[in-house]
Amino acid sequence: MDTLTALRERKTVRGFLDKDIPKPLIQEILLDAHWAPSASNQQPWHFHVVTGNTLCTLNENIKAARKKKQKTYDPSKGKTIPPEYVERTKTLFRELRPLISSLGDENRSFIESGSYRFYDAPAVLLLSMHQDLPSNRLLDIGMAAQNCMLSAHARGLGTCAIALTLLYAEIIQETLAIEKDLTPVLSIALGYPDPEFPINNYRSPRDNLEKFVSWKD
Ligand SMILES: Cc1cc2nc3c(=O)[nH]c(=O)nc-3n(C[C@H](O)[C@H](O)[C@H](O)COP(=O)(O)O)c2cc1C
């Protein structure tokens, strides 16, 4: 698949087939990820590839931690999000509602319970960054993450970037015995898309060029 096709076609996958991904295929995706640019070529990303029994244990541990204490996700991080951004979230969830309803669920519980078990994907790529790096290095992590997701799509796999689960970062850190100086910043559920899963065919909207581009001639 050429780059432009991958760019235009990729969309979030939240339903995966119960099928393992061959390790060499994951390795290729990680190699694609590591060709991402980074400031001064610092390559601040670290990937933990979580599969098999370890992924089952991680899912169980997150479930148990949620049962003990439900943490609330605050996407605004204490700031007031300007209305136009809030409106886009509302549009997303309004459009997702009938698809999620067809699964006998409602938006919040589907996204929350799904995210906390990585939508039952057979693999999770956990991206971490050294705690002493400045937060603008997260841009580089984002670039590696996007490479990952485009590569996965081009190679016949699907992905869902998941930030919600990082509310339980300490459980992730403990279960995977992640070095203390690494901070998990994003997880990516990875697997073969289930073509029958209704929400997988949903394409989220985007604004027109005029809305997000200012030409300064
Ligand atoms: C940084 C980031 C965090 C995200 N976190 C979650 C998440 O926790 N749960 C989830 O279901 N989707 C999550 N998503 C997926 C977004 O909802 C999705 O990318 C967005 O609606 C646009 O849809 P598309 O990826 O199909 O183009 C996340 C995406 C990004 C980039």
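## Around the ligand

A residue counts as near a molecule here if its C-beta atom, placed from the backbone, lies within 6 Å of it. Keep in mind that this is a predicted model. With that cut-off, 13 residues sit around the ligand, and K11, T12, A161, A163 and L164 come nearest. Two elements, α5 (107-116) and β3 (158-162), each give two or more residues to this shell. The largest share belongs to β3, with three residues.

What classes of residue make up the shell around the ligand? Eight are nonpolar, three are polar and two are charged.

## The sheet

Let's turn to the strands. In general, strands of a sheet pair through backbone hydrogen bonds, and they can do so in a parallel or an antiparallel way. Here four strands make an open sheet, in the order β1-β2-β4-β3, and the pairing is antiparallel. From one strand to the next, the twist averages 25 degrees.

So what ties β3 to its partner, strand β4 (residues 182-191)? Five bridges join the two, and they run antiparallel. Within this pair, A161 stands opposite I188 in β4.

Now for α6, which lies across β2 (123-130), β3 and β4. Relative to β4, α6 runs at about 15 degrees.

Helix α6 (residues 138-154) also packs with helix α2 (residues 23-33), at an angle of about 140 degrees and with the axes 8 Å apart. That angle makes α2 oblique to α6. As for handedness, the crossing of α2 and α6 is right-handed.

Which residues meet where α2 and α6 touch? From α2 come I29, D32 and A33, and they meet A144, N147, C148, S151 and A152 in α6. Sorted by class, this contact has five nonpolar residues, two polar ones and one charged.

How values were computed: Residues are numbered from 1 along each chain as its sequence is written. This is a predicted model: local features need pLDDT of at least 70, side-chain atom pairs count only at pLDDT 80 or more; totals for chains, interfaces and linings use all residues. Axes are lines fitted to C-alpha atoms, for helices over the stretch in contact, and angles run from 0 to 180 degrees between N-to-C directions. Angles under 35 degrees count as roughly parallel, over 145 as roughly antiparallel, 65 to 115 as roughly perpendicular and the rest as oblique. A crossing is left-handed if the near helix is turned anticlockwise from the far one by less than a right angle, and right-handed if clockwise. Two residues are in contact if their C-beta atoms, placed from the backbone, lie within 7 Å. Ala, Val, Leu, Ile, Met, Phe, Trp, Tyr, Cys and Pro count as nonpolar, Asp, Glu, Lys and Arg as charged, and the others, Gly among them, as polar. Two strands pair if DSSP finds at least two bridges between them.
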